[in-house]
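I opened the model today and kept notes on what I looked up. The entries follow in the order I made them.

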Amino acid sequence: MTWTDEDLTVPARLRPGAQVRVVAPSCSRSYVMEHDNTRWINERFAALGIKLSFGRHVDERDDFDSSSITSRLEDLHAAFADPAVDGIMSVIGGFNANELLPYLDWDLIAANPKVFCGYSDFTVLANAIHARTGMITYVGPHWSMFGMRDHFEPTGQWFTAATSGQAWSIEPATAYTDDLWFMNRMGGRRCPPTARGSCVRERAPDGSSAGTCAR
């Protein structure tokens, strides 16, 4: 399905006083709470003026560090249906968010556009919701990422720009991290510089940009 600009729905911006509902469409909150970083999470959301609430089943945890399809659907649908909720964020990723796809209430979601943000396994929901409803969704930080003790600043700035700003640009990062940030290991985290991009396919002879990638 292809959407035109006229078809797209852009959720209302997050403003001070907004409520963000945290849900667990993949792994449970109790999975990351083994390393409790709520101090940093709460401080950072408070600084943004954002109030947090949590899905009823967000801490349920089965043998796969997740919860039943019924529980995850209930929390997701409740978040979209609640008029007091302005945005929805995932706890963390995982491997089973795709289980929810056959049961999502597309009409409910389309009728209640909200900032919908997460990444990793969450991306299957973000892409499906965009494809079925035309609502803009966000590949961005999980709730748990706000608990990164070190190197959080660029992520926080980009989240605020994308969900609260009116215009922003996407610039290549100069460094990256690739670890279990919620463990916040003592002794520091590695933050190596990013490598320069490479070209997978040269520019077409006619000069068009099709089939090229940024260097």
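**Entry 1: Ser90.** I began with Ser90, which is buried with a relative accessible area of 0%; buried means under 20% relative accessible area, exposed over 50%, partly exposed in between (1.4 Å probe, protein chains only). The model is predicted, so local features need pLDDT of at least 70 and side-chain atom pairs count only at pLDDT 80 or more, while totals for chains, interfaces and linings use all residues. Residues are numbered from 1 along each chain as its sequence is written, and side-chain values use heavy atoms, with hydrogens and water left out.

I located Ser90 in strand 3; strands (E, at least two residues) and helices (H or I, at least four) are DSSP runs numbered from the N terminus. Which side chain does the side chain of Ser90 meet in a polar contact? I found that of His142, at 2.7 Å. A polar contact is a pair of N or O atoms within 3.5 Å; within protein, one must be able to donate a hydrogen and the other to accept it, and residues adjacent in sequence count only if both atoms are side-chain atoms. Leaving aside neighbours within four places in sequence, I listed the contacts of Ser90, among them Val22, Cys117, Phe122 and Trp143; contact means heavy atoms within 4.5 Å.

Entry 2: I traced an open sheet of five strands in the order 2-1-3-4-5, with parallel pairing; two strands pair if DSSP finds at least two bridges between them. Strand 2 and strand 5 (138–139) are the edges, each pairing on one side only. Strand 3 pairs with strand 4 (residues 115–118) over three bridges, in the parallel sense. I noted Cys117 in strand 4 as the bridge partner of Met89.

**Entry 3: helix 2.** In helix 2 (residues 38–48) I found Trp40, Ile41, Arg44 and Phe45 buried. They lie on the same side of helix 2 because they cover an arc of only 120° around the axis, taken from the directions from the helix axis to the C-beta atoms. These buried residues pack against strand 2 (51–54) and strand 3 (87–90). On the other side of helix 2, I noted Arg39, Ala46 and Ala47 as exposed.

**Entry 4: Pro11.** I looked up Pro11 in the segment before strand 1 (19–23). Is Pro11 buried or exposed? Pro11 is buried, with a relative accessible area of 2%. I found Pro11 and Met135 to be 124 residues apart in sequence and 7.3 Å apart in space, C-alpha to C-alpha.
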